[in-house]
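Please keep the structure in view while reading.

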Amino acid sequence: MIETVFSKIIAREIPADIVYESDELLAFHDINPQAPIHILVITKQPIPTLNDLQDQHAQLAGQMLLAARQIAADLGFAASGYRVLINCNQDGGQDVWHLHLHILAGRRMGWPPG
Ligand code: AMP
C-alpha cells in the first residue's frame, strides 16, 4: 500500500477534522480550503486514482456520492448548493494519490472551472 497523508489520517497517525465515517469511507475538512466549506470524502481502501476504480468498486463509488449528499444535509448546505469533484492525475490537478472526492460549498462557484 502506498503511504499518503490520507492513509495516515485513516490510521489516525495525523489529525483531521472528521465529519463522516463509515466502514468504507472517511470525510474531513480540507486543510487548505478552496471555499468556505471544503470537505474531502476518501475511500478507506487505498485506490490511487479514479483510473484505478474497477467494476467491483461500483458500490463504493455510489457510496461516495451518497456520503456527499448526507454530509451536505447534515452540515446544512444541501439547499444552497455545492460542487462535488474528483481530480485525476496531473491535468486534473491531483496531488494526493489516494482516491477522494471534494465537496465545495458556501460560495457561488464559477463555471467553467479555471
Ligand atoms: P487533490 O489535489 O485532488 O489531490 O486534493 C488533495 C487535497 O488534500 C488538497 O485540497 C489538500 O489541501 C488536501 N490535504 C492535504 N493534506 C491534508 C491534510 N493533512 N488534511 C486535510 N486535507 C489535506
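The largest pocket holds about 490 Å³ of space; a pocket here is an open set of points on a 1 Å grid over the protein atoms alone, where a 1.4 Å probe fits and protein lies on both sides within 12 Å along at least five of seven lines. Of the 24 residues lining it, with an atom within 4 Å of a point, Phe6, Asp30, Ile31, Leu40 and His102 are the closest to its centre. The model is predicted, so local features need pLDDT of at least 70 and side-chain atom pairs pLDDT 80 or more, whereas totals for chains, interfaces and linings use all residues. Residues are numbered from 1 along each chain, and side-chain values use heavy atoms, without hydrogens and water.

The ligand sits in the largest pocket, in the sense that more than half of its atoms lie within 2 Å of the pocket's grid points. Around the ligand are 16 residues, each with a heavy atom within 4 Å of it, and α1 gives the most to this shell, with three residues.

| Residue | Protein atom | Distance |
|---|---|---|
| Aspartate 30 | side-chain N or O | 2.5 Å |
| Glycine 93 | backbone N or O | 2.8 Å |
| Valine 96 | backbone N or O | 2.9 Å |

The second largest pocket has a volume of about 260 Å³, and its lining includes Arg83, Asn87, Trp111 and Pro113.

Notes: Points joined across faces, edges and corners; volume = space filled by probe spheres on them. Polar contact = N/O pair within 3.5 Å; in protein donor to acceptor, adjacent residues only side chain to side chain. Helix = DSSP H or I, 4+ residues; strand = E, 2+ residues; numbered from the N terminus.
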